[in-house]
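Student: I have just opened this model. Could we go through a few of its features together?
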Amino acid sequence: MIKYISTRSNADSVTISEAVLKGLAPDGGLFIPEKIPAVNILYNNSYSKVASQVLAPYFEGDPLEADLAKICESAFDFPVPLHGGKAATLELYHGPTAAFKDFGARFLARAMEAILERQGRKVTILVATSGDTGSAVAAAFYGRKNIDVKVLFPKGLVSARQKKQLTCWGGNVQAYEVSGTFDDCQKMVKDAFMDKSLCEKFGLSSANSINLGRLLPQATYYAFASLKYYEETGEKPVIIVPSGNVGNCTAAYYAKIMGLPIEQVALAFNANKPIVDYLASGKYVPRHSIHTLANAMDVGAPSNIERLFALFTDCESFKANVEGWSVDDDTILKTIRETFETDNGYVICPHTACGERVRRDHFAGKPTIVAATAHPAKFDTIVEPVIGKPVEVPASLAELLAKKSDYRSTGTDYHEIF
Ligand SMILES: *Cc1c(COP(=O)(O)O)cnc(C)c1O
């Protein structure tokens with residue numbers, strides 16, 4: 001049975017159920033598995049079967065073990081295609097909100113529901129969002145039993161499509177438009193969590209991307225894709241991951257260390273590049289974030305860096321395992337155009353373009369899989385002028401955009417939302 005410890009190792013170890021419910025370790029660190037298990041999994045064309053095999057050792061001995069197969073089946077019920085041949089692209093955007101965060105959020109929502117059902121408890125989840133994360137969480141938790149969700153977003157600072165995706169739910173998911181900035185939204189969430197009596201009364205919990213219940217399920221698509229690639233070509237691919245908070249690439253490292261057929265993991269960043277600088281200088285310096293076209297990767301101080309440092313504990317082993325490059329905005333646009341022109345009109349989003357650039361510049365001719373993190377239709381205002389035609393909106397996203405909006409307006413005092 002695997003125990004879960006904090007990256008700051010000043011807290012007692014917990015079970016996977018506890019790590020999922022708590023989110024953050026009590027010493028402020030992130031939960032990580034005490035060891036990464038080795039697995040021996042054969043390719044299977046059922047995604048959820050591969051996924052539950054990948055996750056099984058992490059849940060062994062936990063009450064959730066019995067629910068794991070069912071959770072995977074229900075969470076991963078959309079296609080996960082691998083586009084192309086030797087230079088493949090893993091389309092992680094066929095879930096309800098058209099980005100890879102659907103995988104983690106949907107798994108977490110079902111895992112939490114199962115734990116709460118067993119314990120006969122209810123929770124209220126608070127999320128502050130500047131756009132995309134909130135919609136994946138809202139979509140994933142919508143209709144889950146014993147869970148209420150409050151989503152806070154800053155007035156006038158999310159795109160029209162993003163706002164639609166945050167406010168189309170109702171039921172157990174209530175959206176709040178805050179007259180303030182994203183930082184104000186985050187502060188409201190922090191203040192609410194500091195309020196002990198409120199926490200107890202509502203069973204406050206978070207579902208942010210540092211929750212291990214979101215990170216571990218992301219290893220499943222690297223397992224599925226690398227097994228499929230290996231089955232079809234007999235070669236182990238380099239996995240290239242467009243990165244911001246570096247959760248997604250950490251999951252790729254987990255899959256590699258578990259023994260899946262992955263040659264190497266390579267990281268692609270936008271202009272926010274503290275890790276690229278660390279690789280060059282040997283000194284890690286977090287920064288303020290810079291605004292770029294790949295805005296879901298606008299992170300100057302990646303929260304999951306503690307998990308990477310826990311895997312590769314000194315500078316030497318970090319450098320031996322982590323390679324990364326930064327891609328600027330002009331090059332993002334150039335790469336969207338180049339891909340469209342050289343790959344039969346294939347359209348990629350600005351985040352995926354960072355990964356595609358890294359492939360073309362550093363791994364040309366090698367077996368590669370670029371993780372396509374979002375559907376290009378989510379970034380229509382950037383992509384359409386470059387390719388000179390409209391991007392078709394996927395059916396699941398169109399369905400959300402057609403729903404009625406419902407939200408409340410609030411100031412920046414957290415009491416107003418309870
Ligand atoms: C969140 C996100 C990323 C960055 O993933 P991390 O796990 O934070 O590194 C990249 N692309 C898209 C579209 C995202 O939503």
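Student: Where does D277 lie?
Tutor: D277 is part of helix α12, residues 274-281; helices are DSSP runs of H or I with at least four residues, numbered from the N terminus. This is a predicted model, in which local features need pLDDT of at least 70, side-chain atom pairs count only at pLDDT 80 or more, and totals for chains, interfaces and linings use all residues. Residues are numbered from 1 along each chain as its sequence is written, and side-chain values use heavy atoms, with hydrogens and water left out.

Student: Which side chain joins that of D277 in a polar contact?
Tutor: The side chain of K273 does, at 2.8 Å. A polar contact is a pair of N or O atoms within 3.5 Å; within protein, one must be able to donate a hydrogen and the other to accept it, and residues adjacent in sequence count only if both atoms are side-chain atoms.

Student: And which residues does D277 touch, not counting those up to four places away in sequence?
Tutor: D277 touches G282 and R287, where contact means heavy atoms within 4.5 Å.

Student: Changing topic, at what angle do α15 and α16 pack?
Tutor: Helix α15 (residues 329-342) and helix α16 (residues 350-362) pack at about 75°, and their axes are 8 Å apart. Axes are lines fitted to C-alpha atoms, for helices over the stretch in contact, and angles run from 0 to 180 degrees between N-to-C directions. The two helices are therefore roughly perpendicular, a term for angles of 65 to 115 degrees.

Student: Which residues make the contact?
Tutor: Among them are T331, I332 and K334 of α15, and P350, A353 and C354 of α16.

Notes. Parallel < 35°, antiparallel > 145°, perpendicular 65-115°, else oblique.
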